[in-house]
Amino acid sequence: MPLKEFNDLADFQIPEVEALIRLATRLQQHPEPQALAGKVLALLFLSPSLRTLSSFQAAMIRLGGGSFVISPDMSIHGLETRSGIVMDGVAAEHLREAIPVISSYGDALGIRAFANRAKLEDDLADREYAVMRTLVKKPLINMESAIQHPCQSLADWKTMDELKVPRKGGKFVLSWAWHPKALPLAVPSATLHMAAMRGMDVTVVRPEGFELPQAIMDKARKAATQSGGSVRETADRREALEGAHIIYAKEWSSTRHYGDRVADAKLREELQDWRVDDPWFTTTRPDCRFMHCLPVRRGVAVTDRVLDGPRSVVVHEAENRMWGQMAVLYQMMGPGA
Ligand code: CP
């Protein structure tokens, strides 16, 4: 399956995702250190990263290619992202030139964008990323935008396969977790869709005011209809956790007060008990695993004893970022292209 774009797992059929995961496992077990010899991956980071930044570079090295990174923190001319403004401020370069220039140096481009977290409808439509997408003529990888994180989803699917977490009948709980700041919807949105597409029975559990937007829920329900899974949402944590195979914790913004930092902060100030801890696993399956995309604040979203305990698979997920992305890169620029 040659790949021109990797933006959303929903753009793929279930067997296509399964094929990518098989390829990732094959490349993990049988290295192909010349598969991308002479190929260059351009990486544009408009927001911070540890895993994505390092795993893409490691992936290219393991496949025999190279990569370069551009981010506003580097010694560049600043990067203006807004459209139609007079650039008489600090930034002396606009994304409208920077993106075509960077992509002309590579055989493929990865973009880590950002969520404005001002208007919910803008972030749901992934407006910033959509503009950048129009500037790229090469194969393009979404390395996280306002509403997508397909590389994380691919890694998480692979991780659950390796742990033999059932697809049919597997109970996946996506839980809101406490955090002092209002964080984006990309990971909860992508994770919900991934688990629904994998055929699992998915429960989103969150406090009132943090409901996932209807459009995200509807999209996941459609995926669940095709896969044989199910999707529901509740505020009842005790009931949600019963029989869970997976607790996947993620911090996200209030959707009731999206873009209103003060109202969001007020709503979350009483919610510090939404910190995953051992008692959360009392009624789950005994072998229930803890997942999180990282980075995670210890003692805030989850306790040390859960993170350091046998249930936590967060490092396994992070490692699978690299193997999954190697499969994507192979299909974009290598023998699979
Ligand atoms: N999970 C994830 O995307 O991590 P980074 O933000 O460190 O890349």
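Start by selecting Leu 294, which sits in the loop between S10 and H11 of this predicted model. Check its backbone: phi is near 65 degrees, a positive value in a residue other than glycine. Most residues other than glycine have a negative phi, and most peptide bonds are trans. With the 20% cut-off for burial in mind, Leu 294 counts as buried because its relative accessibility is 17%.

The peptide bond joining Leu 294 and Pro 295 is cis, with omega at about 5 degrees. Pro 295 belongs to the loop that runs between strand S10 (289-291) and helix H11 (304-307).

Next, jump to Arg 117. You will find this residue in the loop between strand S4 (108-112) and helix H4 (120-124). Arg 117 is not a glycine, yet its phi is positive, near 50 degrees. Is Arg 117 buried or partly exposed? It counts as partly exposed, because its relative accessibility is 22%.

Asp 123 is buried yet has no salt bridge. Which side chain of opposite charge is nearest to Asp 123? That is Arg 117, 5.8 Å away; a salt bridge would need the charged atoms within 4 Å. Now look at the backbone instead: the Asp 123 side chain reaches the backbone nitrogen of Arg 117 at 2.9 Å.

To finish, show the surroundings of Asp 123. Setting aside neighbours within four places in sequence, its contacts include Ala 115, Asn 116, Arg 117 and Ala 118, along with Ala 146, Ile 147 and Tyr 258.

Technical notes
Residues numbered from 1 in each chain as written. Predicted model: local features only at pLDDT ≥ 70, side-chain atom pairs only at ≥ 80, totals over all residues. Heavy atoms only, no water. Helix = DSSP H or I, 4+ residues; strand = E, 2+ residues; numbered from the N terminus. Buried < 20%, exposed > 50% of the residue type's maximum accessible area, 1.4 Å probe, protein only. Lys, Arg positive; Asp, Glu negative; His and termini not counted. Polar contact = N/O pair within 3.5 Å; in protein donor to acceptor, adjacent residues only side chain to side chain. Contact = heavy atoms within 4.5 Å.
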